[in-house]
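Open the model in your viewer and keep the sequence panel beside it. This tour goes stop by stop: select, look, move on.

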Amino acid sequence: YILSLIWKYLTKRHDILVNHHPNMACYVFDRNSLYISLHGRTELNQLKVLEERILKTKNFRDSSCLDIGAAIGNHSIFFSKYFKNTFSFEPNQDTYSLLNFNVKNNSKNKVKTFNFGASNKDEEKNLLSIQKTNLGGDRIINDITYMENTRKVSLKKLDKIINQQSINKIELIKLDIEGYELNALKGLEET
């Protein structure tokens with residue numbers, strides 16, 4: 001009986017969320033997927049604050065945004081409502097596949113994706129998966145002793161990419177790369 005009540009509540013809530021948030025592909029047993037199923041987006045409160053205090057106070061329609069550590073596209077799709085272009089960077093191939101699917105179906109061609117991460121130089125590093133249930137918690141490591149749960153990923157200095165892609169008028173940079181932010185910022189010194 002209790003399970004049927006919970007199911008009834010969740011399906012009713014789900015019907016409400018479907019009308020207010022993008023339908024996104026996720027890995028079933030990932031924590032972010034559970035959060036999206038229950039709330040509509042990950043980091044919903046932070047995005048609401050950003051929207052109210054910054055994004056709704058100025059016209060960003062002619063500007064660009066960088067989403068570094070884009071994961072499955074939760075923030076990229078949100079940013080596509082406000083910016084002319086959003087450039088999303090995600091080094092994990094599994095997550096990148098979902099990112100591509102989600103932006104294709106939810107962003108009206110305003111998001112361009114890249115399958116590499118950000119650093120202060122072009123390099124390959126190990127990406128450590130700490131938990132199978134949290135792809136968003138993967139992190140770059142230097143120590144190769146963790147080989148069991150690691151994979152090689154490509155990282156690039158984004159100043160070079162921004163010049164190559166002729167990206168201009170960048171008004172917002174979102175960084176969520178689990179402790180590698182300083183290296184990414186060093187790779188953006190000219191931007």
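Axes here are lines fitted to C-alpha atoms, for helices over the stretch in contact, and angles run from 0 to 180 degrees between N-to-C directions. Helices (H or I, at least four residues) and strands (E, at least two) are DSSP runs, numbered from the N terminus. The model is predicted: local features need pLDDT of at least 70, side-chain atom pairs count only at pLDDT 80 or more, and totals for chains, interfaces and linings use all residues. Residues are numbered from 1 along each chain as its sequence is written, and side-chain values use heavy atoms, with hydrogens and water left out.

**Stop 1: the helix pair**

Select helix α1, residues 2-18, together with α2. The two pack at an angle of about 85°, and their axes are 7 Å apart. That makes α1 roughly perpendicular to α2, a label for angles of 65 to 115 degrees (under 35 is roughly parallel, over 145 roughly antiparallel, the rest oblique). Now show side chains. L10, R13 and L17 of α1 meet I36, S37, L38 and H39 of α2; contact means heavy atoms within 4.5 Å.

**Stop 2: a loop with a positive phi**

Move to the loop between α2 (31-39) and α3 (44-55), and pick E43. Its phi is positive, about 50°, although E43 is not a glycine. Most residues other than glycine have a negative phi. E43 counts as partly exposed, at 33% relative accessibility. The scale is relative accessible area: buried is under 20%, exposed over 50%, partly exposed in between (1.4 Å probe, protein chains only).

**Stop 3: the parallel sheet**

Color the open sheet of 4 strands, in the order β3-β2-β1-β8. Its pairing is parallel; two strands pair if DSSP finds at least two bridges between them. At the edges are β3 (111-114) and β8 (170-175), each pairing on one side only. From one strand to the next, the twist averages 15°.

Zoom in on β2, residues 85-89. Toward β3, β2 makes 4 parallel bridges, and F87 has K112 as its bridge partner there. Toward β1, 5 bridges join the parallel strands, with C65 opposite T86 of β2. Of the 5 residues of β2, 4 are buried, so this strand is largely enclosed by the rest of the structure.

**Stop 4: the helix across the sheet**

What do the side chains of Y96 and N100 reach? Select T113, in strand β3. The T113 side chain makes a polar contact of 3.1 Å with the side chain of Y96, and another of 2.5 Å with that of N100. A polar contact is a pair of N or O atoms within 3.5 Å; within protein, one must be able to donate a hydrogen and the other to accept it, and residues adjacent in sequence count only if both atoms are side-chain atoms. T113 counts as buried, at 15% relative accessibility. Leaving aside neighbours within four places in sequence, T113 is in contact with S88, Y96, L99, N100 and V103.

Next, select K108 in the loop between α5 and β3. K108 is not a glycine, yet its phi is positive, about 55°. At 75% relative accessibility, K108 counts as exposed.

**Stop 5: the nonpolar cores**

Show the largest nonpolar core, which has 19 residues. Such a core is a set of buried Ala, Val, Leu, Ile, Met, Phe, Trp, Tyr and Cys residues joined through side-chain atoms within 4.5 Å. L66, I68, F89 and L158 have the most contacts inside it. At least two residues come from each of β1 (64-68), β2, β7 (150-157) and α6 (158-164). The largest share, 3 residues, is that of α6. Apart from this core lies another, of 11 residues, among them I36, Y96, L98 and V111.

Center on F89. Not counting residues up to four places away in sequence, F89 touches L66, D67, I68, G69, A70, F114, F116, L158 and I161.

**Stop 6: the mixed sheet**

Finish on the open sheet of 4 strands ordered β4-β7-β5-β6, where the pairing is mixed. β4 (117-119) and β6 (139-141) stand at the edges with a single partner strand each, so one side of each has no neighbour in the sheet. Here the twist averages 55° from one strand to the next. Last, select β5, residues 123-128: 3 bridges join β5 to β6, and the two run antiparallel. L128 stands opposite R139 of β6.
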